[in-house]
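Reader: I'd like to learn how to read a helix and its surroundings. Can we walk through one together?

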Amino acid sequence: MTEIWFDPTKCFIGGQWVAPAKGQTLTLENPSDGTPICEIARGTAEDIDAAVAAARTALKGEWGKLPALERGRILTRIGQKVLERVDELAALEARDVGKPLKQARADAVALARYMEFYGGAADKIHGETIPYLDGYTVYSLREPHGVTGHIVPWNYPMQIIGRSVGAALTMGNAAVLKPAEEACLTALAFAAIAEEAGLPKGALNVVPGLGEEAGAALSGHAGINHISFTGSVGVGSMIQAAAAKNVVPVTLELGGKSPQLVFADADLDKALPFLVNAGIQNAGQTCSAASRILVQREIYDEVVARMAERYRALKVGPAVADLDVGPLISARQKEIVTGFLDLIGDGRIVAQAEIVGDAPAGGHYVAPTLVADVTPDHRLAQEEIFGPVQVVIPFDTEEDAIAIANGTDFGLVAGIWTNDGGRQMRLARAISSGQVFINNYGAGGGVELPFGGTGKSGHGREKGFEALYGFSVLKTVAAHHG
Ligand code: NAD
């Protein structure tokens, strides 16, 4: 078992590991068997105050004065150190989130990749000179917001920290990170690694704790200049309201009900692994999970049968067994997901995966479930389940497919499977979502690819260069010199 090489009962504030002001802790649970992993700090408003103050001090001190090149070098060093510790980070994440080791490892590699990408980009964001009236020189500067707040969920802690904190630091902001109470070990590990890599004190501060305590204190804090939130629609809406009181910009990365559209001319051999994997990856606890598979009627039965075959071959078990699917994060999440399955009504369970016999009884396992024959307006086809459940829905024409695809409150990601080039182009425009994938799904999750939602999936973009614009403010300078 990987040793925890930092003290998880402490917050990381101003470059110091400090006990939370109220001295309280929370117990972290291993979702694979329900046993306690360790105690973690239960930060509260006092700790958020201290973290925001430390971040402000960092902006006025060494961190705020560093040239972009040096910020980039530090990020790149953090990335190298993450790579050196990939196996340890993967083991921590697997234990904390319950994800199979190989998936946890991929997340650690992605965290390193974010640091490399943003480290290299730090000195490549330039302002412009703007042609203007005679006697003027006008140019623009990209400046940091100041102190940025980052509230992240438990499902992909390393990836979300990479894309959000990584981009914020690149632009010279000082960050206060509130990881999820269900899984925060890699957030603290990241702080320890950043410290080792020489990140100046106060540039990154981490305060673990409950959403309604530390999270609410951060989102409503008058000293924060930007908030990045990834999580549920309900909490996202509260965060936006809290930020509005301080007139602070917000990036919201919320949920989804993302479709993959499969037309009769699609290459099914290529599509099938993507159709299933995008539903069961991380036990379906993925904001961009493809939870709706829309299939043209003439191939509907064939696709359902071939997906079912794959479902029956999937193995579910503890993270350390490194099977296809791990447990859900908590007993509560399991209750929510199984509650959805109770609503099946006229729908039909076509296939379920196997939970291995030696999966610990205390783990939160739900067998991935393939559901056919629900109508597009059924709750299983409309609401985010956030578990390993996919619905397969038939359609007849391209217009029907677009209407069903766009017929939810969400718009995060979509996949289109067809070899008709004109249809690919029409659908890419017609579908309302932040990302569209043609004859693939997710494109390997590239850190370069801007990501974010439309509708209730949120607003603002993270990842890629686009995030660097979001984590900075444009200033226009107009000099009159005659
Ligand atoms: P959640 O909204 O309950 O929690 C997310 C974070 O918000 C946690 O750190 C939590 O402590 C904090 N929080 C909770 N209440 C708060 C409050 N009142 N004030 C401030 N912070 C508060 O979500 P969850 O259950 O942890 O995550 C699942 C949801 O996240 C799903 O809906 C999923 O789609 C979404 N998600 C979206 C993306 C994306 O990039 N779009 C990525 C991952 C997860």
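Author: Contact here means heavy atoms within 4.5 Å, and buried means under 20% relative accessible area, exposed over 50%, partly exposed in between (1.4 Å probe, protein chains only). Helices (H or I, at least four residues) and strands (E, at least two) are DSSP runs, numbered from the N terminus. By the way, this is a predicted model: local features need pLDDT of at least 70, side-chain atom pairs count only at pLDDT 80 or more, and totals for chains, interfaces and linings use all residues. Residues are numbered from 1 along each chain as its sequence is written, and side-chain values use heavy atoms, with hydrogens and water left out.

Reader: Which residues are buried in α9?

Author: Those are G236, I239, A242 and A243. Looking down the axis of α9, its buried residues fall within an arc of 125° (taken from the directions from the helix axis to the C-beta atoms), so they line one face of the helix.

Reader: And what does the face turned away from the buried side carry?

Author: The exposed residues M238 and K245 sit there. M238 has a relative accessible area of 55%.

Reader: Where is M238 found?

Author: In helix α9, residues 233-245. M238 and G220 are 18 residues apart in sequence, and their C-alpha atoms are 9.7 Å apart in space.

Reader: What comes after α9?

Author: V247 follows, with a positive phi near 50°.
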